[in-house]
Amino acid sequence: MKAWQVAELGEPRDVLTLVDVTDPEPGPGQLVAKVLASPANFPDVLMCRGIYQVKPELPFTPGVELCGEVVALGEGVTGFSVGDRVLGGAVLPYGGFGELALMESDKTFPAPASLDDAEAASLYIGYQTGWFGLHRRAGLRSGETLLVHAAAGGVGSAAVQLGKAAGAKVIGVAGGPDKAEVARTLGADVVVDRHKEDFVQVVKAETGGRGADVVYDPVGGDTYKRSTKCIAFEGRILIVGFAAGEIQAAKLNHALVKNYSIVGLHWGLYNTYDPEAVSGCHRDLSAMADHGEVKPLISERLPLANVADGVQRLADGTTVGRVVYQAG
């Protein structure tokens with residue numbers, strides 16, 4: 001089969017190569033899926049660079065999530081049949097940026113019929129992260145104010161929709177007028193163009209000086225530091241990632257005197273420690289998709305030949321929503 005492969009580490013444009021590789025064979029508890037769609041995620045970028053917490057052995061095919069059609073079942077797999085349309089995570093080295101991918105059956109779920117292939121592929125990591133972050137970790141309540149950074153990105157766009165569905169007032173931060181407009185169309189009540197406005201001042205103005213109850217931060221660095229200046233009493237800053245490249249140090253004395261919480265989220269751990277919660281989350285997200293409460297924002301649908309370019313543009317921070325490889 002054809003697949004993009006990383007044989008050495010570096011920038012995606014430099015290390016991704018489209019090659020012929022051996023078709024995957026499912027082991028016990030695994031299945032093979034014909035890839036229908038696979039979105040680019042920031043972990044794909046970090047794995048190309050060799051700086052992600054998961055470091056697959058070289059060479060490998062990135063593409064950490066996908067929507068696919070089951071073509072083969074491994075020993076002991078139940079609940080799935082050849083021909084089923086599914087979504088879930090990929091088992092590297094056979095990721096989603098190829099014609100076939102390998103999946104673990106216990107991390108694979110039915111794809112909602114209400115979403116097309118690219119949308120279904122994008123319902124997994126970003127929306128599960130948002131759901132667990134906002135509901136399980138931050139305890140977002142209806143009527144609270146949610147501040148979402150990188151609101152036009154793949155992870156941030158999911159948080160905007162999930163926050164609105166939870167009844168929160170959502171303030172979205174994006175970089176530039178085009179991304180700001182995307183955040184607005186996603187449903188953010190207030191949108192801040194960080195190139196022109198100070199989100200700290202906007203949050204204070206919108207909340208009468210109280211601050212945001214929950215901050216959803218996939219950026220880190222200075223974004224985190226400034227978020228501490230507009231967090232409410234008993235607020236929660238949710239640490240989702242470090243797209244800015246800087247892992248900041250938290251000033252715990254500041255958290256003490258302002259009485260806020262710094263909450264970490266590593267969504268992947270739920271697959272190990274509470275897999276039933278992941279299944280329940282998928283059921284909730286599928287129902288929300290069926291009711292039109294969430295719908296992944298797909299900005300680009302790329303043929304296989306253009307995947308490396310799309311991953312690099314995600315790395316460069318020039319994309320909005322999801323850039324997705326979609327099989328022809």
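**Backbone features**

Tutor: Let us start with Pro59, which lies in the loop between helix H2 (42-49) and strand E4 (65-73). Please keep in mind that this is a predicted model.
Student: Which kind of peptide bond joins Leu58 and Pro59?
Tutor: The bond joining Leu58 and Pro59 is cis, and its omega is about -5°.
Student: And what about Leu92 and Pro93, what is omega there?
Tutor: For Leu92 and Pro93, omega is about 20°, and the peptide bond joining them is cis.
Student: Where is Pro93 found?
Tutor: Pro93 sits in the loop that runs between strand E5 (85-89) and strand E6 (100-104).
Student: Changing topic to phi: what is the value for Ala150?
Tutor: Ala150 has a phi near 50°, which is positive although the residue is not a glycine. Its place is the loop between strand E8 (145-148) and helix H5 (154-165).
Student: Why does Ala150 count as partly exposed?
Tutor: Ala150 counts as partly exposed because its relative accessibility is 33%, and that class lies between under 20% for buried and over 50% for exposed.
Student: Now Asn259, please. Where is that residue?
Tutor: Asn259 belongs to the loop between helix H9 (252-258) and strand E13 (261-264). Its phi is positive, about 60°, although Asn259 is not a glycine.
Student: How does Asn259 count in terms of relative accessibility?
Tutor: Asn259 has a relative accessibility of 37%, so it counts as partly exposed.

Terms used
Residues are numbered from 1 along each chain as its sequence is written. This is a predicted model: local features need pLDDT of at least 70, side-chain atom pairs count only at pLDDT 80 or more; totals for chains, interfaces and linings use all residues. Side-chain values use heavy atoms; hydrogens and water are left out. Helices (H or I, at least four residues) and strands (E, at least two) are DSSP runs, numbered from the N terminus. Buried means under 20% relative accessible area, exposed over 50%, partly exposed in between (1.4 Å probe, protein chains only).
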